[in-house]
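Thanks for coming, everyone. I'll take the aromatic pairs, then the sheet, then the pocket. Please have a look at the model first.

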Amino acid sequence: MKFDLFSTVILTHDLTESGFRRGDVATVVEQIPATANREGGYLLEMFDASGNTLGVISVLESEIELPKPNAVVNYREYEKAA
């Protein structure tokens, strides 16, 4: 597994079913091992600006990355998909 538990990671694309978007920041809370038919993944906890949990989502390893040192953190309203 590439990402340690409790690492801060960034989504690499929109997850429309959950309302989260590319660039949203998350915390790794569980690792999901790879199988013969599927790459490994992670459970991520998503927080709002006050530290309240918005949700826990599962993603594949290829759907997240570590923050880049020259990146800017963005602030946006969260609107969960209906």
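Start with the rings: there are two aromatic pairs here. Rings of Phe, Tyr and Trp (its six-membered ring) pair if their centres lie within 6.5 Å; planes under 30 degrees apart are stacked, over 60 edge-to-face, and the rest tilted. Before I go on, a word on the source: this is a predicted model, where local features need pLDDT of at least 70 and side-chain atom pairs count only at pLDDT 80 or more, while totals for chains, interfaces and linings use all residues. Residues are numbered from 1 along each chain as its sequence is written, and side-chain values use heavy atoms, with hydrogens and water left out.

Back to the two pairs. Phe 3 and Tyr 42 have ring centres 5.4 Å apart and planes at 80°, so this pair is edge-to-face. It links distant parts of the chain: Phe 3 sits in the segment before strand 1 (8-11), Tyr 42 in strand 3, 39 residues apart. Strands here are DSSP runs of E, at least two residues, numbered from the N terminus. Both Phe 3 and Tyr 42 are buried. Buried means under 20% relative accessible area, exposed over 50%, and partly exposed in between, with a 1.4 Å probe and protein chains only.

Now Phe 20 and Tyr 78. They are stacked, at 4.8 Å centre to centre with 20° between the planes. Phe 20 lies in the loop between strand 1 and strand 2 (25-32), and Tyr 78 in the segment after strand 5, so the pair ties together parts 58 residues apart in sequence. Phe 20 is buried, at 4% relative accessible area. Tyr 78 is partly exposed, at 26%.

Strands pair if DSSP finds at least two bridges between them.

Strand 3 (residues 41-47) is joined to strand 4 by seven bridges. Gly 41 stands opposite Leu 60, and Leu 43 opposite Ser 58. The hairpin of strand 3 and strand 4 has five residues between the strands, and there Gly 51 takes a positive phi near 90°. Strand 2 and strand 3 pair over six bridges, also antiparallel. Ala 26 stands opposite Met 46 there. Strand 3 is mostly covered, with five of its seven residues buried.

What does Leu 54 contact, leaving aside its neighbours within four places in sequence? Phe 20, Met 46, Phe 47, Asp 48 and Tyr 78. Contact means heavy atoms within 4.5 Å. Leu 54 is partly exposed, at 33%.

Last, the pocket. The largest pocket holds about 840 Å³ of space. It is lined by 28 residues, of which Gly 23, Asp 24, Val 25, Val 73 and Asn 74 lie nearest its centre. On a 1 Å grid over the protein atoms alone, a pocket is an open set of points where a 1.4 Å probe fits, with protein on both sides within 12 Å along at least five of seven lines; lining residues have an atom within 4 Å of a point. Grid points are joined across faces, edges and corners, and the volume is the space filled by probe spheres set on them. Strand 2 gives the largest share of the lining, three residues.

Definitions and conventions
Helices (H or I, at least four residues) and strands (E, at least two) are DSSP runs, numbered from the N terminus.
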